[in-house]
Amino acid sequence: MEPLPFESNFFDEVEASQVLEHIPTQLRWQEKSRIRHVNGDHEYESKWHLRFCRVEVMREIHRVLKLGGILMASVPHIDVERQVMRWAQDPTHVDVPWILEAFDYFCNAWGGGNCKHEAHYSSGINFGFTRIREAYSEDRSILTVWLQK
């Protein structure tokens, strides 16, 4: 992800409404480069790349928020009990659905965020929010979460 075109600590509030579910958890790709030509055959060297896109987006939002700033994020909610599956109805939704616990991962839960847990640091989570509120739409198809820097 390209950095957001704003200075650090710029916004009091960022709203991400029906956006985050379109961002993949990871991108993996293999880069091949020809290293030599032998008797008409090419030998290649390959290098694998891995990016944690959702982490990058959350890190950028954290960066552009002022201290005490709020991220208000709304995502489709999968309500298993009531079989509300809006997330699956949109073919542009990617990867694993966002659930409340996914937001907690960026709020120091399970060693994430500001905690110095190796698994989080290795995926780039070296920041942390505080979850201050969550709410569901009346039909429980939308989850809205408020996170504070």
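Visitor: Which strand gives the largest share of the lining of the second largest pocket?
Guide: Quick ground rules: this is a predicted model, where local features need pLDDT of at least 70, side-chain atom pairs count only at pLDDT 80 or more, and totals for chains, interfaces and linings use all residues. Residues are numbered from 1 along each chain as its sequence is written, and side-chain values use heavy atoms, with hydrogens and water left out. Strands (E, at least two residues) and helices (H or I, at least four) are DSSP runs numbered from the N terminus. Five residues of that lining, the largest share, come from E1.

Visitor: Which elements each supply at least two residues of that lining?
Guide: A pocket here is an open set of points on a 1 Å grid over the protein atoms alone, where a 1.4 Å probe fits, with protein on both sides within 12 Å along at least five of seven lines; lining residues have an atom within 4 Å of a point. Leu 4, Val 14, Ala 16, Val 57 and Ile 61 lie nearest the centre of the second largest pocket. The elements supplying at least two lining residues each are strand E1 (11-17) and helix H1 (53-64).

Visitor: Is H1 mostly covered or mostly open, and how many of its residues are buried?
Guide: Buried means under 20% relative accessible area, exposed over 50%, and partly exposed in between (1.4 Å probe, protein chains only). Among the buried residues of H1 are Val 57 and Ile 61. H1 is mostly covered, and its buried count is 10 of 12.

Visitor: How far apart are the closest N and O atoms of Glu 60 and Arg 63?
Guide: They sit three residues apart in helix H1, so about one helical turn separates Glu 60 and Arg 63. Glu 60 counts as buried at 11% relative accessibility, while Arg 63 is partly exposed at 23%. The two form a salt bridge (a side-chain nitrogen of Lys or Arg within 4 Å of a carboxyl oxygen of Asp or Glu), with the closest N and O atoms at 2.9 Å.
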